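Subject: Model handover

Hello,

Here is the structure for you to look over. My notes follow below it.

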Amino acid sequence: MKNNNINSTTFDSIKIEGGLLTSEVLNRLRFYDLPGQGSADYGIEHGLKLNEELGRYWRIAQARWKKFRDLRQRDNIDQHKLTIDEWLIPLLEKVLGYDVSRITGFQKGERYFPIDHITSDNTVPMVLFSAELPLDKGHSHFGEEGRKRSPSGLVQEYLNAEDSCLWALVSNGLTLRLLRDNPDMTRPAYIEVDLERLFEEDLYVDFTVFWLLFHATRVQPQDNLPESCFLEQWREQGQTDGERVRDELRFGVTDALRILGKGFISHPDNNEIRDKI
């Protein structure tokens with residue numbers, strides 16, 4: 001379904017860093033106007049409508065969140081186990097369509113990466129933990145050789161070191177972040193959703209965008225090539241659109257200057273300017 005008059009939309013619980021996707025791509029996403037946005041592309045059974053399925057997944061996710069939120073208040077609960085087993089794994093598998101496997105980490109040469117989960121044909125690593133640990137704060141559990149490393153930093157370093165992986169997930173149950181391979185460690189590149197805000201404020205429109213962006217089919221390799229997944233196609237589409245807009249702007253500025261120049265020269269009071277030219 002095409003919509004050529006899509007207004008820029010702000011999604012309060014969704015954040016994009018590093019220019020991975022443009023606002024135009026997000027707006028087109030909301031109206032199913034990007035490649036790979038048919039119901040079958042999202043694994044929806046024939047005869048079912050994507051909009052109706054989104055409503056069903058919203059109710060499933062809401063119920064899971066409420067259970068997780070209530071159990072978090074108990075003192076005798078293992079927060080790490082609760083966050084992963086009762087919230088994140090069900091969210092990823094039952095709502096977003098991932099097939100999650102537990103692993104013990106990756107050894108690459110002399111370096112060790114304590115990645116604890118993986119999905120999508122072993123091309124999307126995951127680091128899942130409890131809300132006591134922020135995504136960007138260093139901790140010895142995620143480090144190596146005695147140095148601390150943040151969960152997000154661990155995932156980013158692994159992505160940059162492993163050629164077979166382009167995207168990865170990291171979450172503490174309150175925030176879910178989708179990172180991309182990015183050699184420039186000084187400039188983060190990720191898509192993030194504030195799960196707590198999304199569910200506590202009942203942001204259904206945000207949920208639909210979150211689901212459409214984070215669903216397992218978006219990072220599933222096409223033809224066994226991670227770089228051919230739909231998210232990569234959308235990222236490239238955003239870059240192409242951005243280049244087109246810059247070109248149009250450049251030519252527009254040139255035309256405007258030319259019109260202004262002709263106006264100055266042709267004005268009857270500007271004889272001195274014409275004489276100098």
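pLDDT is the predictor's confidence in each residue, from 0 to 100. The chain averages 87, and 86% of the residues score at least 70.

Some ground rules. This is a predicted model: local features need pLDDT of at least 70, side-chain atom pairs count only at pLDDT 80 or more, and totals for chains, interfaces and linings use all residues. Residues are numbered from 1 along each chain as its sequence is written, and side-chain values use heavy atoms, with hydrogens and water left out.

Confidence
Helices (H or I, at least four residues) and strands (E, at least two) are DSSP runs, numbered from the N terminus. Confidence is highest in helix α5 (residues 195–200), at a mean of 98, and lowest in helix α8 (residues 230–266), at 64. Two stretches need care. Contact means heavy atoms within 4.5 Å. Where pLDDT is low, the predicted coordinates should not be read in detail.

Aromatic rings
Rings of Phe, Tyr and Trp (its six-membered ring) pair if their centres lie within 6.5 Å; planes under 30 degrees apart count as stacked, over 60 as edge-to-face and the rest as tilted. The whole structure holds 17 aromatic pairs. Phe199 and Phe207 form a tilted pair, because their centres are 6.4 Å apart and their planes at 55°. Phe207 and Phe210 are edge-to-face, because their planes stand at 65°, with centres 6.1 Å apart. Both sit in helix α6 (residues 204–214), three residues apart, about one turn of the helix. Phe199 and Phe207 are buried, and so is Phe210. Here buried means under 20% relative accessible area, exposed over 50%, partly exposed in between (1.4 Å probe, protein chains only). Ring pairs link Trp58, Trp65, Phe68, Trp87, Phe199, Tyr204, Phe207, Phe210 and Phe214 into a cluster.

Arginines
A charge sits over a ring if NZ of Lys or CZ of Arg is within 6 Å of the ring centre and within 35 degrees of the ring normal. Arg177 does this over Tyr190, 3.9 Å from the ring centre. Arg56 does it over Tyr57, at 4.8 Å.

What about Arg180: buried or exposed? Arg180 counts as buried, because its relative accessibility is 12%. Strand β10 (residues 175–180) contains Arg180. Beyond four places in sequence, Arg180 has contacts that include Leu20, Trp167, Glu232 and Arg235.

Best wishes
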